[in-house]
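Please open the model in a viewer and keep the selection panel at hand.

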Amino acid sequence: MRADRVFAYGAAAGLLGDLLLGDPRRGHPVAAFGRAAGAVERVLWRDHRGWGALHTAVCAGGAVSLAAVADRSVRTSHIASLALTAAATWSVVGGTSLGREARAIGGALAAGDVEVARERLPHLCGRDPQALDADGIARAVVESVAENTSDAVVGALVWGAAAGVPGLVGFRAVNTLDAMVGHRSAKYRRYGWASARLDDVVGWPGARLTAVLAAVAGSDPRGAVRAWRVDAVKHPSPNAGPVEASFAGALGVRLGGTLSYAGRVEHRPVLNGGGRAVEVGDIERAVRLSRRVGLLALGVSVAGRLLVNGLRAKGRTS
């Protein structure tokens with residue numbers, strides 16, 4: 001079985017596993033990587049970019065190396081290769097858990113229980129829940145669903161198509177490191193610089209594909225493209241900007257504005273300013289859009305890998 005078909009079948013099986021089962025409940029590989037990265041940080045931490053870059057290289061490079069060794073060790077068996085690809089895909093994508101958390105918060109808001117929604121919000125994003133009312137929580141959830149569609153689903157599939165199991169694992173490792181040390185706190189402003197910049201680089205293609213697919217799958221394609229073109233550049237994140245703007249336009253809602261992280265207030269630009277304010281019902285719409293985008297991303301990634309390999313094979317025979 002050719003490598004492109006192994007990826008196609010394995011990635012489809014892994015995404016199906018995520019749809020049916022969600023994240024592994026015990027022994028999650030991403031959690032294990034996080035613990036290992038934390039142990040490395042305790043040894044290496046210095047308030048210096050160079051030490052942070054070493055931390056990124058050790059953790060991300062180690063994860064990719066282990067994945068490459070595992071991938072190479074099963075190449076003689078098509079079944080084992082397919083199983084490894086499926087397991088890696090299931091481990092690194094998180095669309096179902098993302099949707100579950102978003103819906104749980106939406107359910108609490110719909111029931112009028114803002115305190116329960118505040119308690120659950122940290123499972124989804126790093127916003128300060130005590131600083132948000134019901135409408136603010138709903139907006140935070142929609143924004144998080146949009147951004148994490150790229151980070152937890154599409155980006156991983158893109159890198160899996162490009163580099164197989166090492167690509168899947170490497171993308172999730174970099175994304176996890178950014179979540180751990182890439183934020184602009186006093187402790188990590190220098191140490192986390194390399195992780196944050198690397199995450200910007202590896203997240204670039206997945207974010208653009210997510211924005212395109214949100215426009216295709218949403219109810220207002222023109223609005224999505226318009227918001228992406230006009231507002232994405234205003235966002236401080238080069239990758240979250242296109243994704244959140246496209247989702248805002250596709251859903252017809254207004255995102256961005258004032259937000260708070262651990263007491264630190266930020267004033268983000270408004271995305272799709274002509275849209276209406278986010279309502280609780282928009283959480284379900286965002287989750288459904290995220291699901292459609294993830295399935296389309298699988299199709300695009302598989303088709304892209306098959307096309308590239310086909311062109312390579314044609315070039316060798318010509």
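A search of the whole structure finds one cavity of 30 Å³ or more. On a 1 Å grid over the protein atoms alone, a cavity is a set of points where a 1.4 Å probe fits but cannot get out, and lining residues have an atom within 4 Å of a point. Grid points are joined across faces, edges and corners, and a volume is the space filled by probe spheres set on the points. The model is predicted: local features need pLDDT of at least 70, side-chain atom pairs count only at pLDDT 80 or more, and totals for chains, interfaces and linings use all residues. Residues are numbered from 1 along each chain as its sequence is written, and side-chain values use heavy atoms, with hydrogens and water left out.

**First stop: the cavity**

Select Gly 95, Thr 96, Val 153, Ser 290 and Arg 291, which lie nearest the centre of the largest cavity among its 14 lining residues. The space inside the largest cavity amounts to about 140 Å³. Next, colour α1 (3-21), α5 (95-110), α7 and α11 (281-317), each of which supplies at least two residues of this lining; helices are DSSP runs (H or I, at least four residues) numbered from the N terminus. The largest contribution to the lining, five residues, is that of α11. By class, the lining has seven nonpolar, five polar and two charged residues. Here Ala, Val, Leu, Ile, Met, Phe, Trp, Tyr, Cys and Pro count as nonpolar, Asp, Glu, Lys and Arg as charged, and the others, Gly among them, as polar.

**Second stop: α5 against α7**

Keep α5 and α7 in view: they pack at an angle of about 175 degrees, with their axes 10 Å apart. Axes are lines fitted to C-alpha atoms, for helices over the stretch in contact, and angles run from 0 to 180 degrees between N-to-C directions. The angle makes α5 roughly antiparallel to α7, a term for angles over 145 degrees. To see the contact (heavy atoms within 4.5 Å), select Gly 95, Leu 98, Ala 102, Ile 105 and Leu 109 of α5 with residues of α7, including Ala 134, Val 141, Asn 148 and Val 153. This contact comprises eleven nonpolar, four polar and no charged residues.

Now select Pro 29, Val 30, Phe 33, Ala 63 and Val 169, which lie nearest the centre of the second largest pocket, lined by 23 residues. A pocket is an open set of points with protein on both sides within 12 Å along at least five of seven lines. Its volume is about 440 Å³. At least two lining residues come from each of α2 (29-44), α3 (49-73), α4 (78-92) and α7 (134-181), and α3 gives the most, with seven. The lining has 19 nonpolar residues, three polar and one charged.

Notes. Parallel < 35°, antiparallel > 145°, perpendicular 65-115°, else oblique.
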